[in-house]
Amino acid sequence: MAHLGRTAGETPRRSGTGAGLAAAAALCLTAPADARPAGASDDRPYSATTSVGVHNAYEKDKYPYFADALDSGAALLELDVWTNAFGSGWRVSHSNPFGNDNNCAGAGSAAELRTKARNQSLAGCLADLKAWHDAHPGHRPVVIKTELKDGFNGKGGRGPADLDALLSGTLGDALLRPADVTGGHATLDEAVRADGWPSRSALAGKFVFELIPGTVEQSNPFDHLWTDREYATHLRDLAAAGKLRQAAAFPAVIKATAGDPRTRYADAAIRPWFVFFDGDAATYVGGGIDTAWYDDRHYLLIMTDAQGVPPAIDGTHPTEEQAKQRVAQLAAGHASFVTADWYPLPSVLSSVLPRG
């Protein structure tokens, strides 16, 4: 399949962190992407910008409804999903592994986004995405960071292919799929290093699902197949069978690590299926890690807990200026997405800066 409006070539890079901060601050867009003038376009590659996300955006103490999170202007929203056999379906909750505890309403239309009962399953959260998407054609691209708290559960009907079917069945063409990025290339790595990502304007109206291993999965001594490795293997196998178009999500390498963190995977054949990287912001910028390595290769780099970068600022209620300065600092440090719990600051959440 052809690429989606890909912009080829390297993005010119500014020299020096100070210059990057100044340029980023000058070019910051403070209005929500959905509110841009009619006909406005952004032809920068998706990997050439830095934007802002909200940690655990499904929690009701952050947003009464998931539609409010979507309306916030944030470029990344996070869901936590449970799959174990102690409950049915894909449950969305932070700490309840048996049921749903979230602000998703399972809307059948935009009129129902804030009228139906909350505490819905993942299917209900996806229904909200679809209803909101239909009401906001051409909306900004939104990453849905999905933490599988206890991993996949293939025996329970909640494996990688089941997730693909659920995402595809609800969101359809609103999804950016790995096959949209690979084009004629053999792997995601080959594609983004050669051609970059589609432009932001080409991704208007798209959701991008990023998958990470969950905290419970990581601490389970009996779980030897984490979400990242399992889904990357799924992508490799689909591609080998000529069925990559079925895949609906992108696995991420978690934890900030020097060098190429994909070398942790013993199976070298799955390494080229990782182009998302996700870890602690303070470690990325203060741990001797060459973050330009990610930028130069057009990989997407998510820096979490942005408030913890020294000097630390409030994780929920910093001043607007503090938050904007921190986003600009991490943009200069090559972040693609900066995340925190800054839900009270929509002008920060909707900002889009040049990366690097």
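## Exercises on a predicted model

The largest pocket has a volume of about 400 Å³, taken as the space filled by probe spheres set on grid points joined across faces, edges and corners. A pocket here is an open set of points on a 1 Å grid over the protein atoms alone, where a 1.4 Å probe fits and protein lies on both sides within 12 Å along at least five of seven lines. This is a predicted model, in which local features need pLDDT of at least 70, side-chain atom pairs count only at pLDDT 80 or more, and totals for chains, interfaces and linings use all residues. Residues are numbered from 1 along each chain as its sequence is written, and side-chain values use heavy atoms, with hydrogens and water left out.

**Exercise 1. Describe the lining of the largest pocket.**

Step 1: Count the lining residues, meaning those with an atom within 4 Å of a point. There are 26, and E78, K145, I212, D278 and T304 lie nearest the centre of the pocket.

Step 2: Find the elements that give two or more residues to this lining: β2 (76-82), β4 (142-148), β5 (207-213), α7 (215-219), β7 (276-280) and β9 (337-340). Helices (H or I, at least four residues) and strands (E, at least two) are DSSP runs, numbered from the N terminus.

Step 3: Sort the lining by residue type, which gives 6 nonpolar, 10 polar and 10 charged residues. Ala, Val, Leu, Ile, Met, Phe, Trp, Tyr, Cys and Pro count as nonpolar, Asp, Glu, Lys and Arg as charged, and the others, Gly among them, as polar.

**Exercise 2. Work out how strand β6 (residues 250-254) is placed.**

Step 1: Check burial, where buried means under 20% relative accessible area, exposed over 50%, and partly exposed in between (1.4 Å probe, protein chains only). Since 5 of the 5 residues of β6 are buried, the strand is largely enclosed by the rest of the structure.

Step 2: Look at the directions of the residues. F250, A252 and I254 point one way from β6, while P251 and V253 point the other way. In a regular strand the side chains alternate between the two faces of the sheet.

Step 3: Find the partners of β6; two strands pair if DSSP finds at least two bridges between them. β5 and β6 run parallel, joined by 2 bridges, with E210 opposite F250. β6 also pairs with β7 in the parallel sense, over 3 bridges, and here I254 has D278 as its bridge partner.

**Exercise 3. Locate the backbone features at P311, N119 and D305.**

Step 1: Most residues other than glycine have a negative phi, and most peptide bonds are trans.

Step 2: The peptide bond from P310 to P311 is cis, with omega near -5°. P311 sits in the loop between β8 (300-304) and α11 (320-332).

Step 3: N119 has a positive phi, near 65°. N119 belongs to the loop between β3 (91-92) and α3 (122-135) and counts as partly exposed, at 35% relative accessibility.

Step 4: D305 has a positive phi, near 50°. D305 lies in the loop between β8 and α11 and, at 40% relative accessibility, is partly exposed.

Notes:
Pairing = 2+ DSSP bridges.
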